[in-house]
Amino acid sequence: MSLYLYNDLTRKKEEFKPIKPGEVSFYSCGPTVYDYFHVGNARPFIVFDVLRRWLKHLGYKVTFVQNFTDIDDKMIHRAHQENITVAELAEKFITEYNKDAKALGINPPDFAPRATEHINEIINTIEKIIKNGHAYISNGDVYFDVKSWPKYGSLCKQNLEDLEAGARVEPGENKKDPLDFALWKNEKPGEPSWQSPWGKGRPGWHIECSAMSSKYLGENIDIHSGGVDLIFPHHENEAAQSEAASGNNLPFVRFWLHNGFLLIDNEKMSKSLGNFMTARAAIEKYNPTAIRFFMLSAHYRSPLNFTPEALEQAEAGLTRLRNCKSNLDFAKNTRKGNNNEFKSEKFNEELKELNKKFHDALNDDFNTAAGMGIFFDLVHLINSEMNNYGILPDEFFTSAERELKFYDEIFGLLGDDENNNDLSSEVENLISERSTARKNKDFKRSDEIRDKLKSMGIILEDTPQGTKWKREL
Ligand code: AMP
Ligand code: ZN
């Protein structure tokens, strides 16, 4: 089965075929770096990074771009509040973004362009739109002329009358029609500004994504993603700008993908509603990989409720996955040998079947929820073989490890959390000190070590083959 994705442009699941065979150009809207990002924002960052991994697994050469919006009203407002420059604010929160993204296991994009470093590209894009007759200059501002663009509304599926009802002209705007939107804004006192053919000013909200996407990926791209709130106006405007600039009559984007909202008490988690938890706070409260697990356990387009119970369940699920891996490692060291009773052909058949189901799930509009279920079926199968046989042959370990590794290259759940490598060696040292103490009948020391490990969240189990340990999450 080939990959099918739900395309918000056609409102249909469609077979994914890239513009250039074998290559995928993929742009995902990134954070506005005026603050720490919240768990709702983390959803697109996590799921679209995993989609990128899946596309790579399918053999595509993927170029993935996720921008930083480092100039807009929110940035300017916050920098004033903090009494720092907009550039300093951006620098600080890009660094913080990178720390949280790393803790959540998100791979860095191939390009992470910043709006303020692409002012020339932005100006060039605006000039093309003006030249092609779809934008006008008004008092040092430049506006996109929405009524000159017949396709406007085709992504959000609304007609101009409906859109007009919600449109307004804000004080200080010089547009001809309430539907028009700013590509360039005339300089205002106290705001950062750049020289342009229309005087000093700064880019409007949407134009950076059109300019940077075409710089890194070309004028027509395969996938563009973001949260569902970006469909209108951000993505509708991006599409209009990019197509008006290129003038090549081809769609700016082949597949528009949008993740559903992360909800808290059935409302969208958002900064403006004040019902948010920063990713930083969530990472301190829960295991960061459990947050990842939680995001991947739902289909990316479904709404998802952020509750303490759901996160606790995710932690328990993650423990189950990781225990399978650590039990497998332990069994490999202690129970490997020839066993004629082990039915290796049947085991391999079952692995193959699960692997196929996993492919079908992810190829069916990237259904990570179903994929996660199959990951658990795999763990169940490996666990039951370990329970059924005292001694297991080499090939059992090779196949089981290969499959776990494959699923996990996509989901990224089994690997060590940050700092965990240090943890492993510290734990190993304490365990070996404890066995020496036990051999010497120094039970006081041995109990002390057990308690110390417990306080570190490590649980020990003494077995005839030696001491096993696992993480308590
Ligand atoms: P922003 O920094 O506000 O531009 O948002 C970054 C990304 O987070 C965008 O793709 C938004 O659509 C997405 N986003 C914002 N709030 C939520 C939410 N509650 N659930 C899921 N995605 C969200
Ligand atoms: Zn964007």
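Tutor: Helices (H or I, at least four residues) and strands (E, at least two) are DSSP runs, numbered from the N terminus. Asn 139 lies in the loop between strand 5 (135–138) and strand 6 (141–144). This is a predicted model, in which local features need pLDDT of at least 70 and side-chain atom pairs count only at pLDDT 80 or more, while totals for chains, interfaces and linings use all residues. Residues are numbered from 1 along each chain as its sequence is written, chains are lettered from A and ligands numbered from 1 in the order in which they are written, and side-chain values use heavy atoms, with hydrogens and water left out.

Student: Why is Asn 139 called exposed?

Tutor: Exposed means over 50% relative accessible area, buried under 20%, and partly exposed in between (1.4 Å probe, protein chains only). Asn 139 has 59% relative accessibility, and therefore counts as exposed. Its phi is near 55°, a positive value in a residue other than glycine.

Student: Why does Asp 265 count as exposed?

Tutor: The relative accessibility of Asp 265 is 72%, so the residue counts as exposed. Asp 265 is found in the loop between strand 11 (262–264) and strand 12 (267–268), and its phi, near 45°, is positive in a residue other than glycine.

Student: What makes the peptide bond from Phe 232 to Pro 233 cis?

Tutor: Its omega is near 0°, and the bond is cis. Pro 233 has its place in helix 7 (residues 231–246).

Student: What makes helix 6 mostly covered?

Tutor: Of the 11 residues of helix 6 (residues 207–217), eight are buried. Among them are Ile 207, Glu 208, Cys 209 and Leu 217. Just after helix 6, Gly 218 takes a positive phi of about 95°.

Student: What makes Phe 37 and Tyr 97 a tilted aromatic pair?

Tutor: Rings of Phe, Tyr and Trp (its six-membered ring) pair if their centres lie within 6.5 Å; planes under 30 degrees apart count as stacked, over 60 as edge-to-face and the rest as tilted. A search of the whole structure finds 33 aromatic pairs. In the pair of Phe 37 and Tyr 97, the centres are 5.1 Å apart and the planes 45° apart, and the pair is tilted.

Student: Why does this pair tie together parts that are 60 residues apart in sequence?

Tutor: Phe 37 lies in the loop between strand 3 (23–28) and helix 1 (39–57), and Tyr 97 lies in helix 3 (residues 86–103), so the pair ties together parts 60 residues apart in sequence. Phe 37, at a relative accessible area of 5%, is buried, and Tyr 97, at 7%, is buried. Elsewhere, ring pairs link Trp 54, Phe 358, Phe 375, Phe 406, Tyr 407 and Phe 411 into a cluster.

Student: How do you know that the charged end of Arg 301 sits over the ring of Tyr 6?

Tutor: A charge sits over a ring if NZ of Lys or CZ of Arg is within 6 Å of the ring centre and within 35 degrees of the ring normal. The charged end of Arg 301 sits over the ring of Tyr 6 at 3.8 Å from its centre. Lys 271 lies over the face of Phe 276, at 5.5 Å from the ring centre.

Student: What makes the approach of Asp 365 to Arg 301 a polar contact?

Tutor: A polar contact is a pair of N or O atoms within 3.5 Å; within protein, one must be able to donate a hydrogen and the other to accept it, and residues adjacent in sequence count only if both atoms are side-chain atoms. The side chains of Asp 365 and Arg 301 make such a contact at 3.0 Å. Asp 365 lies in the loop between helix 11 (344–363) and helix 12 (368–388) and is buried, with a relative accessible area of 2%. The side chain of Asp 35 makes a polar contact with the side chain of Arg 78, at 3.1 Å. Asp 35 is buried, with a relative accessible area of 18%.

Student: Which residues are the closest around ligand 1?

Tutor: The 17 residues that surround ligand 1 (a heavy atom within 4 Å) have Asn 41, Gly 227, Asp 229, Leu 262 and Met 269 as the closest. Helix 1 gives the most to this shell, with three residues. A backbone N or O atom of Leu 262 lies 2.7 Å from a nitrogen atom of ligand 1, and one of Met 269 lies 2.8 Å from a nitrogen atom of the ligand.
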